[in-house]
Amino acid sequence: MKQFHKLLIFTLTFIPLFIACGSTKESTNSELDEVSIAKAERIILELVNKHRKKNDLPKLKAIDELTEIAEKHSKNMGDGKVKVGHGGFDNRYNKIKKEIKNVGSAAENVAFGNTSLKKIVDGWIASPHHKGNIEGPFNYTGVGIYRNKQGVLFYTQIFINKVK
């Protein structure tokens, strides 16, 4: 538990609340014009796992419960119910612990903007703290993407370390 609190305090204190991955719509280049949101979520995971593999880290496995929580957070940000960022992470973490047994530490990355999925992941990797989450001691993840009424995309990726 102390490990989680240190990670959470570090994350909330030092990580920028969001990465603005471009505010202009790149409709001709965006994979989301061609694929479903669910497929785009899988592509984000593939890109993250590709980066982890380059760094000799094990692949993250997607868990439906984490994906649902990430999708809800992206929707809440997109609908303006919460600010873009990590606000409410304690509540998400508590929900995760109720739904998934043996959860240790957790973290999340968020972003918004209409750009390519690769640019979203590259933006996270360019940020030392978000990159730290991607390369962290996690083994499970969930990615949630939401397009609001204005057409802006919101992204959340939650990471957990599930101990056996």
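Which residues touch the most other members of the largest nonpolar core? Hold that thought for a moment, everyone.

This is a predicted model, where local features need pLDDT of at least 70, side-chain atom pairs count only at pLDDT 80 or more, and totals for chains, interfaces and linings use all residues. Residues are numbered from 1 along each chain as its sequence is written, and side-chain values use heavy atoms, leaving out hydrogens and water.

Back to our core. A nonpolar core is a set of buried Ala, Val, Leu, Ile, Met, Phe, Trp, Tyr and Cys residues joined through side-chain atoms within 4.5 Å; buried means under 20% relative accessible area, exposed over 50%, and partly exposed in between, using a 1.4 Å probe and protein chains only. Of its 19 residues, I44, L117, W124, I145 and Y155 touch the most other members. Helix α2 gives the largest share, 5 residues. A second, separate core has 13 residues, including I63 and I158.

Now for the rings. The whole structure holds 2 aromatic pairs. Rings of Phe, Tyr and Trp (its six-membered ring) pair if their centres lie within 6.5 Å, with planes under 30 degrees apart counted as stacked, over 60 as edge-to-face and the rest as tilted. F112 and F154 are stacked, 5.8 Å centre to centre with 20° between the planes. Because F112 sits in strand β3 and F154 in strand β5, this pair ties together parts 42 residues apart in sequence. F112 is partly exposed at 21%, while F154 is buried at 6%.

The other pair, F138 and F159, is tilted: 5.7 Å and 35°. Both F138 and F159 are buried.

How values were computed
Helices (H or I, at least four residues) and strands (E, at least two) are DSSP runs, numbered from the N terminus.
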